[in-house]
Amino acid sequence: MLDKALEDAGIPRGDVYLTNAVRHFRWEPRGKRRIHKKPRISEIRACRPWLEAEIRAVKPVILVCLGATAAQSVMGPHFRLMAQRGQLLSSPLAKQTLATIHPSAVPRAPDSEGRTAAYGMLVADLKVVAKAIR
């Protein structure tokens, strides 16, 4: 889903470095699947040194946070994804930071119309990134 959205936004996949803001957190079994639970503040803090080291090494032009967990781990716990998504903001980790929905939210939308809308939001937000890096 992310690769398709990047392509539709005009961002070459080879220009993207992908990592996880939080690497280890709780999950619960549902049949054969593991469903991730929202990470605790302590789990976010524990992963922060790795995230900071990666960002220092990669030196991204724009830091893109996919989903509320990533956005709040970078921007702070009071960040509200749906109110602030798609906006280029400054963050403690990068001069330019943009948060958008997580690509996994697209297929989880309740119906076809919702999936189309969610995908449209994701691509629109990525187009903001594409325009800013040109």
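**Figure 1. Trp27 stands opposite His36 of strand 2 in this predicted model.** Strand 1 covers residues 27-30 and strand 2 covers residues 33-36. The two strands run antiparallel and are joined by four bridges. Two residues lie between them in the hairpin. Gly31, in this hairpin, takes a positive phi near 65 degrees.

**Figure 2. The charged end of Arg34 sits over the ring of Trp27.** The distance from the charged end of Arg34 to the centre of the Trp27 ring is 4.5 Å. Aromatic pairs were searched for across the whole structure, and zero were found.

**Figure 3. The largest pocket has a volume of about 1,500 Å³.** Its lining is made up of 47 residues. Thr19, Asn20, Leu66, Ala70 and His102 are those that lie nearest the centre of the largest pocket. At least two lining residues come from each of helix 1 (2-9), helix 2 (41-58), helix 3 (68-75), helix 5 (105-108) and helix 6 (112-133). Strand 2 and strand 3 (63-66) also supply at least two residues each to this lining. Sorted by class, the lining of the largest pocket holds 31 nonpolar, nine charged and seven polar residues.

**Figure 4. The second largest pocket holds about 200 Å³ of space.** Residues lining this pocket include Lys38, Pro39, Ile41, Ile44, Arg45 and Arg48. Gln72, Ser73, Val74, Gly76 and Pro77 also belong to the lining of the second largest pocket. Helix 2 contributes the most to this lining, with four residues. Helix 3 supplies at least two residues to the lining of the second largest pocket. By class, this lining divides into five nonpolar, three charged and three polar residues.

**Figure 5. The chain in which these sites lie has six helices and four strands.** Along the sequence, the elements follow the pattern α-β-β-α-β-α-α-β-α-α. The C-alpha atoms fill a box of roughly 40 × 40 × 30 Å along the principal axes.

Methods. Residues numbered from 1 in each chain as written. Predicted model: local features only at pLDDT ≥ 70, side-chain atom pairs only at ≥ 80, totals over all residues. Heavy atoms only, no water. Phe/Tyr/Trp six-rings, centres within 6.5 Å; stacked < 30°, edge-to-face > 60°. Lys NZ or Arg CZ within 6 Å of the ring centre and 35° of its normal. Pairing = 2+ DSSP bridges. 1 Å grid on protein atoms, 1.4 Å probe; cavity = no way out; pocket = protein on both sides within 12 Å on 5 of 7 lines; lining within 4 Å. Points joined across faces, edges and corners; volume = space filled by probe spheres on them. Nonpolar A, V, L, I, M, F, W, Y, C, P; charged D, E, K, R; others polar.
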